[in-house]
Amino acid sequence: GFPLRDWLNDLTALPVTIENDANTASLAEALCGAGHGFNPSFYMNMGSGVGGGLVIDGKIYHGDAPGEVEVGHLRLDPDGTTVEHRCSGWAVDRAIRDAIIDKPDSILAQLIGEEKSGEAKHLAVALEQGDPIARCILDDVTANLALALSHVTHLVHPQVISLGGGLSLVGDPLRKGIADKLPG
């Protein structure tokens, strides 16, 4: 109930707009980042959740309420499993915990040690070191992300798709895994 926009406007005497993180990132990518010069531009945020943003003609597309471009809510199967359920940071953490429970000597398990959250941050190093568990998890995640992005591609036809959020720090293996599985 706090009037954040008005408070910030009063504090700075500048125009203030309140927007969600994925939409803000999508606009930043479209105007100044990987999406610069492309129209439309789509952004997918893979952090604690999975969000999305679409920028058309330099403006965030909101759609009709409740609107937005929440790619994390796309269903991956008829049972209702969502992208967020399989590809968010917490989902990847859970998949890692489940995968290493019987493999305490694996590279991934050794990197994680006694940590009880944020396991996904070790995925890139485990991949670099050739951990087969990390490879299997990445293959599952990228297959699901590619399926979700195929829906985005067929519905919106963005000229570019940008990836961001904590899981994107896996870097090229994530990007390449998605690109290889995303139909051309």
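Author: Tryptophan 7 is partly exposed, with a relative accessible area of 43%; on this scale buried means under 20%, exposed over 50% and partly exposed in between, using a 1.4 Å probe and protein chains only. The model is predicted, so local features need pLDDT of at least 70 and side-chain atom pairs count only at pLDDT 80 or more, while totals for chains, interfaces and linings use all residues. Residues are numbered from 1 along each chain as its sequence is written, and side-chain values use heavy atoms, with hydrogens and water left out.

A search of the whole structure finds one aromatic pair, where rings of Phe, Tyr and Trp (its six-membered ring) pair if their centres lie within 6.5 Å, and planes under 30 degrees apart count as stacked, over 60 as edge-to-face and the rest as tilted. That pair joins tryptophan 7 to phenylalanine 2: the ring centres are 5.9 Å apart and the planes stand at 65°, so the pair is edge-to-face. Phenylalanine 2 itself counts as exposed, at 57% relative accessibility.

Turning to the sheet, the model has an open sheet of four strands in the order S3-S2-S1-S4, with mixed pairing; helices (H or I, at least four residues) and strands (E, at least two) are DSSP runs numbered from the N terminus, and two strands pair if DSSP finds at least two bridges between them. Its edge strands, each pairing on one side only, are S3 (59-60) and S4 (160-164). Helix H2 (residues 21-32) packs on the sheet, touching S1, S2 (50-56), S3 and S4, with contact meaning heavy atoms within 4.5 Å. The direction of H2 makes about 45° with that of S2, where axes are lines fitted to C-alpha atoms, for helices over the stretch in contact, and angles run from 0 to 180 degrees between N-to-C directions. Helix H7 (residues 132-156) lies across S1, S2 and S4, and runs at about 155° to S1.

Strand S1 (residues 41-46) and strand S4 run parallel and are joined by five bridges.
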